[in-house]
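Please keep the structure in view while reading.

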Amino acid sequence: MDLWNTIINNPQYIIGQYNDIWHEQHGSEDEYYYEIRNKFNETQQPEYLLFLLAKCVKAAVRYNARGNFNQSPDKRRLGRNPRMMRDDILGVSQLLNGKTEIYSTDYSHILEKATPNDLIYMDPPYQGTGQNGGFNYAGNIDFNDFVISLYELNQRNIPYILSFDGRTGDKTFGKPLPDALNLTKIEINAGRSTQAILLNREAYTYEAIYLSPSLTERIDMHKIEQQNYQPELFAVYE
């Protein structure tokens, strides 16, 4: 959240810091990356995180059980060029400055602030990928507590979109959400799974998107049922 806050409200600072960090890597790229990673884990400074995000493998954030950033560097590239990063940051700041409030708190506190005029998008850690089930996320959420929060949103007629689970071939991930939530499920083909490629198998990953009852009442589901699901979700919402 510190990184987002700095990008939105103090763009010139983060632009300058990223420029300096990026240029200092030349000649010892891998060693320098690990040095910056250690500095971020010690200080949590946003400029260090921005460099790690731009340089790490597949731009995929990974944390260990202690909550430390532990993703490796992509040795094929230097990270986003500072000139391009500058344009990105200024564009985001111009779009969101004065229009955005940033919070670092439990998700339930944010949901309490929602009204029927809002649209909530939730992308929590998939079951089994958090601290107790894997290495992809620093933590996880309690399934039962999360389901209760969804019930409460339904009772308050608050529209939301939820990315929650998925499947690869015949293998599904996590417990299914209760039918009583009356959610509309859409599966999005995310392509051939990495594991399938390594094993030379034809298994594809499908990610599930759930639409709340109050959302489906407001949108044209015939458009959603066409090929390009995700862009249509927001295009047809009023």
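Are Tyr32 and Phe51 buried or exposed? In this predicted model, both Tyr32 and Phe51 are buried. Their rings have centres 5.9 Å apart and planes at 80 degrees; because the angle is over 60 degrees, the pair is edge-to-face. Tyr32 belongs to helix α3 (residues 29–43), whereas Phe51 belongs to helix α4 (residues 46–55), so the pair ties together parts 19 residues apart in sequence. Tyr32 and Phe51 also belong to one aromatic cluster together with Tyr33 and Tyr34.

A further edge-to-face pair is formed by Tyr63 and Phe69, with 5.7 Å from centre to centre and 80 degrees between the planes. Phe69 has a relative accessible area of 1% and is therefore buried. In total, the chain is assigned 8 aromatic pairs.

Of its 238 residues, 37% are buried. The accessible surface of the chain is about 14500 Å², and carbon and sulfur atoms account for 47% of that area. Among contacts between residues at least 6 apart in sequence, 61% join residues at least 24 apart.

Confidence in the model remains to be considered. The mean pLDDT of the protein chain is 84, with 78% of residues at 70 or more. Residues 128–138 have pLDDT below 50, and this stretch has 23 contacts in the model beyond near neighbours in sequence. The pLDDT is also below 50 over residues 231–238, a stretch with 21 such contacts.

Methods. Residues are numbered from 1 along each chain as its sequence is written. This is a predicted model: local features need pLDDT of at least 70, side-chain atom pairs count only at pLDDT 80 or more; totals for chains, interfaces and linings use all residues. Side-chain values use heavy atoms; hydrogens and water are left out. pLDDT is the predictor's confidence in each residue, from 0 to 100. Contact means heavy atoms within 4.5 Å. Buried means under 20% relative accessible area, exposed over 50%, partly exposed in between (1.4 Å probe, protein chains only). Accessible areas come from the Shrake-Rupley method with a 1.4 Å probe; for residues, only the protein chains shown count as cover. Rings of Phe, Tyr and Trp (its six-membered ring) pair if their centres lie within 6.5 Å; planes under 30 degrees apart count as stacked, over 60 as edge-to-face and the rest as tilted. Helices (H or I, at least four residues) and strands (E, at least two) are DSSP runs, numbered from the N terminus.
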